[in-house]
Amino acid sequence: MWYFSEEERQLADVCRDFANNELAPLAEKHDHEETFNMTAFKKMGELGLLGITADPKFGGSGLGATAATIVMEEFGKVCAGSTLSYLAHSMLCVNNISTNASEEQKEKYLPKLISGEHIGAMGMSEPGYGSDAVGMQCRAKADGDFYTINGNKMWITNAQYADVVYLYTRTGDNKKDLTTFIVDTKNLEGYSVSKEIHKMGMRSSPTGELTFENCKVPKEDRVGQEGDSVHHMMRNLEIERLTISGISLGIAQACVDQCIKYANEREQFGKTLGNFQLIQKMIAEMATEVEMMRTFLYDSCKLWDEGKVDNTRAAMVKLQLPKMATKIALDAIQLHGGYGYSREFPLERMMRDNKLNEIGAGTNEVMIMIIAKNLLKEASK
Ligand SMILES: Cc1cc2nc3c(=O)[nH]c(=O)nc-3n(C[C@H](O)[C@H](O)[C@H](O)COP(=O)(O)OP(=O)(O)OC[C@H]3O[C@@H](n4cnc5c(N)ncnc54)[C@H](O)[C@@H]3O)c2cc1C
C-alpha cells in the first residue's frame, strides 16, 4: 500500500513468508484436530513478534497498531486460529501489561512473554457476563500481603497453555469497582482450567474456562490501584478492535485471491468460470469490498499510531470488517460450488473462523451501541 513505510513493507514480507512456511502447511490439520501450533508460536518469539507493541527495554519491538495489524493480516490469510492465539497473547496480555503495569511488573513479566518462553491470556468474560463485562463477579479480596480470588472466567483464549493471565476482578460493590491482576498461574493453588471449549471455528486456538478457588495472588501483582480496571479496559480496546479486524482483512483477501485463481481454472459449459458475467460480478464486488476494508482499517491504524483514534472509530472498523469478511467468505464458497463447501479448500474454515470476529472483542450489536451512543452524545453537547 502506498502509505506503508519501507519498514512496514519489510515486516509484511517477513510475516507472509513465516505464514506460508510455518502456519499454512499445518492449518488444516490443527483445525481438524483442534490442536495448537506451539512450534509456530515459539518461532514468533524468535522473530520478535510476540511483543510487537512493547517497549524494546523489555525485549519488545516498540511498534504500533499498523505494524500489529500487518502481522494479523498476513497470518490471518492462512490460519486465523493461530492468529487469534497470537492476538490474545500479544494484544490482550502483553500490550495490556505494557500499557498499564508498573516498571517492576513489566520487568518481571514481559521478557519471558516476549521471547515465547511464557504464553499469555486475558480473562475478562465470565459465564454470565459477556457484553456486560463490567458486571463481572469474579472477586478479589485483600488479605494481608495477598488478594484471595474466587470466580470463573469464560471463553479464555490460550487458557490451556497460559503461564500468565491478565485478570479482571471485582473488588467492590459499585459496578465500576474492578481491579486487574497479573496472575502467574504456575503452582497457583486453587487455579484450574475447568473446561476446554470446542468451537465452530478458530479451532487451532485453544479456548477454556478458568476457575479460581481461594487463589492467593501477591499484592504486588495488582495493576495500578484498586478500581482502576475500567480505565485499563478502555485503554486497550481500541487496538484490540483494530487488530482483530486485521484477521478479517486477511481472511477476506485470501478468499478473493482464491476466487480469482479458481475462476481462471475451473471450466463449465466449455469455458472457465471467469467468462461468466455473474462470476465476474462476484469477483469485482468482493475485491472492491476488500479494498474498502483495507483503506478504512489501515487509515484507522495510522490514526491510532498518531494518537487520534477514538472509541467510535475503532468500533466502526470492528463492526464493518468482520461482517464484510463473513459475507465475502460465504460468496467465495458459493463461487467454488461443491468444492467450496468441502474441506478440499480452506474457504469453509475461513468462514467458520471469521464468524468469531463478529462476536469476540465485542459483538456487532455492542459496536452499534457504542457508535450510536457516542455520536448522539457528541451531537447533544
Ligand atoms: C472463541 C472465543 C474467544 C474468546 N476469547 C476471549 C478472551 O481471550 N478473553 C475474554 O475475556 N473473552 C473472550 N471471549 C469472549 C467474548 O468477548 C464474548 O463472547 C463476547 O463479548 C460476547 O459475550 P457473550 O458471549 O457472553 O454474549 P452475550 O453478551 O450473552 O450476548 C448474546 C447476544 O446478545 C446481544 N446483546 C447483548 N447485550 C445487548 C444489548 N444491550 N443490546 C442488543 N444486543 C445485545 C449480543 O450482541 C449477542 O448477539 C471469547 C469468545 C470466543 C467465542
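Me: Which domains does the shell around the ligand draw at least three residues from?
Reply: Domain 2 (121-229) and domain 3 (230-379) each give at least three residues to that shell. Bear in mind that this is a predicted model.

Me: OK. Which residues come nearest to the ligand?
Reply: M124, G130, S131, T363 and E365, out of 24 residues around the ligand.

Me: And which elements supply at least two residues of that shell?
Reply: Four to look at here: α4, β1 (120-123), β3 (146-157) and α11 (364-379).

Me: How do the shell residues divide into nonpolar, polar and charged?
Reply: There are 13 nonpolar residues, nine polar and two charged around the ligand.

Me: Switching to domains. How is the chain divided?
Reply: Domain 1 covers 6-119, domain 2 covers 121-229 and domain 3 covers 230-379.

Me: How far apart are the centres of domain 1 and domain 2?
Reply: Their C-alpha centres are 22 Å apart. Domain 1 puts 26 residues into the contact, and domain 2 puts in 19.

Me: On the domain 1 side, which elements give two or more residues?
Reply: α1 (6-33), α4 (80-100) and α5 (103-115) do. The biggest giver is α4, with 12 residues on the side of domain 1 that touches domain 2. α4 also turns up in the ligand shell, where it supplies at least two residues.

Me: What's the make-up of that domain 1 side, in nonpolar, polar and charged residues?
Reply: The side of domain 1 that touches domain 2 has 13 nonpolar residues, 11 polar and two charged.

Me: Now the largest nonpolar core. Which residues touch the most other members?
Reply: C93, A252, C255, I328 and A329, in a core of 109 residues. Helix α8 (residues 311-335) gives the most to this core, with 13 residues. As a rule, nonpolar side chains in soluble globular proteins tend to be buried together.

Me: What is I328 in contact with, leaving aside neighbours within four places in sequence?
Reply: I328 contacts A252, C255, V256, M286, E289 and V290. Two of these, A252 and C255, are also among the core members with the most contacts to other members.

Me: Last one, K219. Where is it found?
Reply: In the loop that runs between β7 (207-218) and β8 (222-223).

Me: Buried or exposed?
Reply: K219 counts as exposed, because it has 12 C-beta neighbours inside 10 Å and the cut-off for exposed is 12 or fewer.

Notes. Residues are numbered from 1 along each chain as its sequence is written. This is a predicted model: local features need pLDDT of at least 70, side-chain atom pairs count only at pLDDT 80 or more; totals for chains, interfaces and linings use all residues. A residue is buried if 20 or more other C-beta atoms lie within 10 Å of its own, exposed if 12 or fewer, and partly exposed in between; C-beta atoms are placed from the backbone. Domain bounds come from an automatic or database domain assignment. Two residues are in contact if their C-beta atoms, placed from the backbone, lie within 7 Å. Ala, Val, Leu, Ile, Met, Phe, Trp, Tyr, Cys and Pro count as nonpolar, Asp, Glu, Lys and Arg as charged, and the others, Gly among them, as polar. A nonpolar core is a set of buried Ala, Val, Leu, Ile, Met, Phe, Trp, Tyr and Cys residues joined through C-beta atoms within 7 Å. A residue is near a molecule or strand if its C-beta atom, placed from the backbone, lies within 6 Å of it.
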